Amino acid sequence: MKNNGRKIVIVGGGIAGLCAAVYALKCGYDAEVLEMHDMAGGLAMSWRRGPYTFETCLHWLIGSNPHGEFHENWKEVFDIDRLKFINPREFVRIETEAGDCLRLYTNADLLEAELMARAPQDDEVIRDFIHSVRSLGKFKMIDPSGGLAQNLLPMLQDVPILPMLRRLGKMSGKEYGERFSDPLFRQFFSTGDMGKLTAIAMVLSLGWMNENNAGYCIGGSQAIVRLIEERIRQLGGKIRYKARVNAVLVEQDVAVGVQLEGGEKVLADWVISAADGHATIFNLLGGRYVNDEIRKIYEERKTFASYLQVSLGVAMDLANEPAMLTRIVEDPIRIDPETESNHVAFRFFHYDPTFAPPGKTAVTSILPTRNHRYWEDLRNSDPMQYRIQKRRVSDAVIEVLEKRIPGIRIAIEVVDVSTPASVMRYTGNWKGSQEGWLIEPGAGFKSLPNTLPGLGRFMMVGQWVMPGGGLPSGPMTARPAVKAICKQDHVSFDVHPEPETAVV
Ligand SMILES: Cc1cc2nc3c(=O)[nH]c(=O)nc-3n(C[C@H](O)[C@H](O)[C@H](O)COP(=O)(O)OP(=O)(O)OC[C@H]3O[C@@H](n4cnc5c(N)ncnc54)[C@H](O)[C@@H]3O)c2cc1C
């Protein structure tokens with residue numbers, strides 16, 4: 001694409017900012033991404049400790065199947081076919097300390113057989129659930145940047161499942177789970193944010209897993225990020241690291257660039273913020289471009305919880321363990337003064353050879369909390385107590401694991417704990433949220449506006465624009481933003497997919 005002589009500056013190098021850069025470059029703009037961290041990815045992150053790599057984000061990527069929904073969308077921003085995906089047989093195994101065990105298979109037939117064997121009296125609701133999983137796996141996504149003409153076919157294909165979507169959309173995960181008598185299956189739907197989310201979220205995800213279209217890619221979320229960064233460079237774009245934006249520069253209600261910490265100004269024809277929504281509106285723009293609707297959203301709408309992550313480098317081959325294991329514990333573990341949990345979830349990354357040397361395994365445990373203030377205050381006011389509390393939580397997690405795999409404690413050679421304070425420090429996300437806005441029952445999936453009232457040549461993208469977040473919210477919000485920019489500039493929006501290549 002011929003350079004059109006205009007420049008877009010993008011605040012934030014998470015998945016959304018990177019996708020915005022690719023779309024902008026493909027349409028002939030100069031694109032410069034300013035990322036405050038020393039690497040790109042934002043929440044799509046992993047970190048190395050000794051010989052281990054600890055992933056925080058990727059459980060599944062929608063669009064992993066070359067013939068599946070959303071695959072072509074990814075191909076507009078990077079060559080997804082260079083990634084190697086695996087589809088675990090079990091999504092998660094849920095166990096009690098007393099020995100009860102439920103295996104939630106990704107294949108709908110196996111899942112149905114497991115649920116029927118455990119609770120034959122629930123046959124009607126199980127069949128209805130499995131029918132929903134199979135049907136929603138065929139769900140066609142609507143392109144938020146497309147008009148009626150582009151979306152007509154997927155909309156028509158979705159017509160038969162609309163009543164199901166409407167019914168599930170009104171229920172929370174917790175309400176949905178209450179239809180089942182199996183206590184472990186009920187627990188699966190009611191745990192943490194899953195219990196508060198619309199039931200569509202989990203049933204739809206299981207549907208995509210059944211279609212092998214929600215796989216895990218070797219190398220985790222950073223493998224995706226690196227390929228998009230590579231594409232940006234190939235297209236002539238620029239990514240600057242350790243470049244924290246302090247303000248969006250505005251002249252006569254038009255964004256004209258940004259100012260970095262240290263004072264440097266980066267001028268541009270357009271500014272796209274792919275950083276945290278709250279910080280963008282109320283800090284970078286000083287709260288000057290808001291209306292009652294936006295204020296109400298930020299005051300009232302619920303966000304996904306933040307989390308602690310306990311990461312363990314274990315000198316043991318744990319290949320016999322499931323990819324994900326949830327242990328229901330008799331003595332709840334205390335995460336912080338306001339938060340207890342009666343379950344601890346583990347991920348055993350034995351299926352990713354890039355995360356640990358042969359014979360060793362990276363293990364992680366995510367512990368949700370909404371008490372981000374406690375962890376931030378502790379880190380700022382009492383670093384020693386902060387370390388002690390992190391140690392207390394990791395000891396409690398290791399205790400749960402030791403009960404399940406006796407002897408594992410002495411094989412642990414690396415312990416790493418991140419907290420909501422780490423999430424905020426490294427990604428800037430408001431309240432340390434994992435995925436932005438929760439989609440509560442009845443709220444619908446509608447995106448928030450990607451412009452601000454009264455401010456010209458400025459756009460927002462990312463998980464704070466698209467409730468529910470997730471990696472697909474990157475391209476799904478970046479595409480309409482760049483398309484709208486092109487329309488205003490009378491530039492053609494041509495974002496051809498990447499060419500086919502062999503898996504490396
Ligand atoms: C534990 C966990 C599990 C998840 N699992 C999955 C999953 O399995 N599948 C899935 O699809 N999604 C998953 N997600 C969600 C997904 O990671 C996020 O929704 C997505 O990465 C958000 O991308 P983003 O670009 O909108 O925001 P972010 O990733 O937050 O990116 C924002 C970027 O802006 C930068 N920034 C902020 N302020 C400034 C500033 N002032 N100047 C410069 N740069 C700035 C930040 O450093 C960051 O890089 C998970 C998330 C978490 C935390």
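Okay, let's start at the ligand: one of its oxygen atoms sits 2.8 Å from a backbone N or O atom of L43. Before I go on, keep in mind that this is a predicted model.

There are other backbone contacts to look at. M36 has a polar backbone atom 3.1 Å from a nitrogen atom of the ligand, and for V245 the distance from a polar backbone atom to a ligand nitrogen is 2.9 Å. If you zoom out, 36 residues surround the ligand, and the closest are E35, C57, H59, N429 and Q463.

Now, on to the helices. Take α4, residues 123-136, and α10, residues 199-210: they pack at about 65°, and their axes are 7 Å apart. That angle makes α4 roughly perpendicular to α10. The crossing of α4 past α10 is right-handed. Who makes the contact? On the α4 side you have F129, S132, V133, R134 and L136, and α10 brings V203, L204, L206, G207 and N210. By class, that's six nonpolar residues, three polar and one charged.

The other pair is α12, residues 277-284, with α13, residues 292-300. Here the angle is about 125° and the axes are 12 Å apart, so α12 and α13 are oblique to each other. This time α12 passes α13 in a left-handed crossing. From α12, the contact uses G277, H278, I281 and F282, while α13 puts in I294, R295 and Y298. Sort those by class and you get four nonpolar, two polar and one charged.

Note on methods: Residues numbered from 1 in each chain as written. Predicted model: local features only at pLDDT ≥ 70, side-chain atom pairs only at ≥ 80, totals over all residues. Heavy atoms only, no water. Axes fitted to C-alpha atoms, helices over the stretch in contact; angles between N-to-C directions. Helix = DSSP H or I, 4+ residues; strand = E, 2+ residues; numbered from the N terminus. Parallel < 35°, antiparallel > 145°, perpendicular 65-115°, else oblique. Left-handed = near helix turned anticlockwise from the far one by under 90°. Contact = heavy atoms within 4.5 Å. Nonpolar A, V, L, I, M, F, W, Y, C, P; charged D, E, K, R; others polar. Near = heavy atom within 4 Å. Polar contact = N/O pair within 3.5 Å; in protein donor to acceptor, adjacent residues only side chain to side chain.
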